[in-house]
Each structure stands twice: as C-alpha cells, then as structure tokens.
Amino acid sequence: MQIGIVGMGRMGAGIARRLMRDGHLCVVYDRSPGAVAELVGEGASAAGNVEDLVRQLQTPRRVWIMLPAGRATEEMIVTASECLSPGDTIIDGGNTFYKDDIRRAKVLQKMGIDYIDIGTSGGVWGLERGFCMMVGGDRQSVDAIDPILKSLAPGAGSISRTKRMTGADPRPELGYIHAGPVGAGHFVKMVHNGIEYGLMQAYAEGFDILRNKESKNLPEEERFTLNMPDIAEVWRRGSVVASWLLDLGAAALAKDPQLKQFSGYVLDSGEGRWTVEAAIEEAVPADVLTTALYARFRSRQEHTFGEKMLSAMRFGFGGHVEGAEVADADADAKPDELGQAAA
C-alpha cells in the first residue's frame, strides 16, 4: 500500500522503515530535511510540505501523523484536512487524549474524511520488534488499512499461544486490535501507559529497597551489599516478575551498576494523568497507578536510586532523555482549531 507519514522522529521513522521493508510505498515529511533525506536514501519519497505529500498520494489517500500529542498534532491535522478530499483518511498514531479524537472525528466526518486513532507501543525498538497497536475507528476504515497494520505489528513470534474461543479475532495474537470506535484506540493505549507507570514504580521501589540494605541505619549483621546487576539478571530467568521492562533495567544496571548517568528526574507525558482522570470519572479505585504518577512528580524535587531506575527504563524503551522533554507538553491543551478550520 501507499501511505504518507508526517513526523520522522524516533517512532515515525521506525514506522516508515518497517513498512518499506515489507514492500509498502511511503511518502514522508518532517520539518527536518535531514530526517527526510535519511528515509529517502532507504527508498521513501520526499515531500517538502504536507500539501506536497498529499499530491503524491493516490486516492483514497491515507496520511499517518506521528507527532507529539497536543498542539503539534492538532495543527497538523488541520493542515492535512485542508488538503484532503472526501474518502481520504487521517491516522493519528501518537499519544493523543482520546476525547480529542472524538471531537476531531466529528468535524472531519462532516468533510467526508475518515479518522483513525492508533495507540502505538514499541518505542525505539518497534522497527525490529514490531509495534503493538490499539486501533480506534470505523470498522470499514480500519479494515482498509489492515495490510499496513499487519506489516507494523510484531506477529505471533515465539510466544506461547493463549487458548482462545473458537472464531476469536486473530489480530490480537499478531500484536494489534481494533479496539472499538474512534477514541477507543488511544483510550486503551492511555490505560496501557498508566499500567506501565505502576509496573515501573514497583521495580523502582524494589531495587531501592535492595540497594539500601547496606544502610548504616541498620544493625551491622543485617546489612547486605547486594549486586544489583546480578539480581536483575537472575529475575529475568524463570521469575514471575520477568518482563521487557526488567530486561531494560537489567541492561542499564549491567552497564552502570550505580546508574550514575541518570539523575532520577522522571517526566510524565500525559497518559498517566489521563488514566487517573478516567479512573475518577468512572469511580474506579486506582491506588497503584495514582501513586506511581505522584512519585514522578516527587522525583523532580528529590532523587532516589529507584528514580534513577525509572529513568533508565524510560531511556531503554523510548529513548527518553532526562531534561530533553517538556513535562506534559500540551498534555492538557485541547485547542479548537480543527473545529474552526472546518466550520
């Protein structure tokens, strides 16, 4: 299939590369000419701007936007919608707030443009491992891009199969689902990231307890100097707490047992807050997820070894660099530019 992709950042470039590896045709645009040039060298077609990107696409045209949630994505959707025609599709693969998806889709529907929201997980490893995707949108529109989704997904791999009901949708076993109508994809991904906060916090606190077992505040005979890299490594093998997050933590500890390269300043990109807000709206107790979010707030005031562990895991799966992101950038921004543009 042919698709236009806007945003050649860590994940956007990986999406383009993985699609091209599987024979899809990608027209790419980014405000950084260098990022575009790299992809062109690998077989992509370059676009100088969004209008140029749309001109190069055959109908029905599909434009995948992979930008930070908030104003950047909002403005790009407005720009793309002004260039597209009825029957075309806009795909938002970032971490957008699901209520914004619902609002946008209503406006775009009046223009005859389909809208699909895709919660995309995989980080910087998605190119090789595949991207786990949670998709929201009209069934017909989602089915139309199934070849793209299938190419991006990890596939069944070597994971043991779960005994599922006869006739169950095969797509979840391949690493992607049609979660429901517009907004459902990003809602599921939002909760996924909220859970991620809780899992990471549990590891962080556990390793903090292990490391502080040599504290001078303890009786001397109860002090242990424990080997953090070895503990992380042994837990990866046969333990019930084994996971990819632990793999990333073990790799960081093996390289730097004291995690000296990390300050422990841990940002949150919005999804954790939105998950807690959803729990409040639904009157669902979410003690662990809420506490994990608050722990990230506290990390910006004082830093523990556990918070360095959090930083190490975030860097491992997403390439997130301390201080290089704007905390919650535009997380609460819900501008109405799209509604104005389509009015």
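Predicted model: local features only at pLDDT ≥ 70, side-chain atom pairs only at ≥ 80, totals over all residues.

Q: Okay, is Gln201 buried or exposed?
A: Buried: its relative accessibility is 9%, and the cut-off for buried is under 20%.

Q: And what does Gln201 touch, leaving out residues up to four places away in sequence?
A: Ala292, Ala295 and Leu310. Take Ala292: Gln201 is 91 residues from Ala292 in sequence, yet the two C-alpha atoms are 5.7 Å apart in space.

Q: Switching to the sheet. In what order do the strands run?
A: The order is β3-β2-β1-β4-β5-β6-β7-β8. That's eight strands in an open sheet, and the pairing is mixed. β3 (45-46) and β8 (176-180) stand at the edges with a single partner strand each, so one side of each has no neighbour in the sheet.

Q: Remind me, what holds paired strands together in general?
A: Strands of a sheet pair through backbone hydrogen bonds, in either a parallel or an antiparallel way.

Q: So how does β7 pair with β8, parallel or antiparallel?
A: Parallel, over four bridges; β7 covers residues 132-136. Met134 stands opposite Ile177 in β8, and Met133 is opposite Tyr176, also in β8.

Q: What about β6 and β7, parallel or antiparallel?
A: Antiparallel there, over five bridges.

Q: How many of the residues in β7 are buried?
A: Four of its five, which leaves β7 mostly covered.

Q: Which helix lies across β5 and β6?
A: That's α5, residues 98-110. It lies across β5 (89-92) and β6 (114-121) and runs at about 155° to β6.

Q: Now a loop. Where does Gly122 sit?
A: In the loop between β6 and α6 (126-129). Gly122 is buried, at 12% relative accessible area.

Q: You mentioned Trp244 and Phe317. Which helices do those belong to?
A: Trp244 is in α12 and Phe317 is in α15. Helix α12 (residues 244-255) packs against α15 (residues 305-318) at an angle of about 110°, and their axes are 9 Å apart. That angle makes α12 roughly perpendicular to α15.

Q: Who's meeting whom between α12 and α15?
A: From α12 you have Trp244, Leu245, Leu248, Gly249, Ala252 and Leu253. They meet Phe305, Met309, Ala312, Met313, Gly316 and Phe317 in α15.

Q: How many charged residues are in the contact of α12 with α15?
A: None: by class, that contact has 10 nonpolar, two polar and no charged residues.

Q: What about α4, how far does that one reach?
A: Helix α4 (residues 71-83) spans 19 Å from its first C-alpha to its last, close to the 18 Å expected for its 13 residues.

Q: Which residues of α4 are buried?
A: Thr73, Glu74, Met76, Ile77, Val78, Ala80, Ser81 and Cys83.

Q: Which residues have a positive phi without being glycine?
A: Leu259 is one, with phi of about 50°, and Ala283 is another, at about 55°. Leu259 lies in the loop between α12 and α13 (271-282), while Ala283 is found in the loop between α13 and α14 (287-299).

Q: Are Leu259 and Ala283 buried or exposed?
A: One of each. Leu259 counts as buried, at 0% relative accessibility, whereas Ala283 counts as exposed, at 67%.

Notes. Residues numbered from 1 in each chain as written. Heavy atoms only, no water. Pairing = 2+ DSSP bridges. Helix = DSSP H or I, 4+ residues; strand = E, 2+ residues; numbered from the N terminus. Contact = heavy atoms within 4.5 Å. Axes fitted to C-alpha atoms, helices over the stretch in contact; angles between N-to-C directions. Parallel < 35°, antiparallel > 145°, perpendicular 65-115°, else oblique. Nonpolar A, V, L, I, M, F, W, Y, C, P; charged D, E, K, R; others polar. Expected span 1.5 Å × (residues − 1). Buried < 20%, exposed > 50% of the residue type's maximum accessible area, 1.4 Å probe, protein only.
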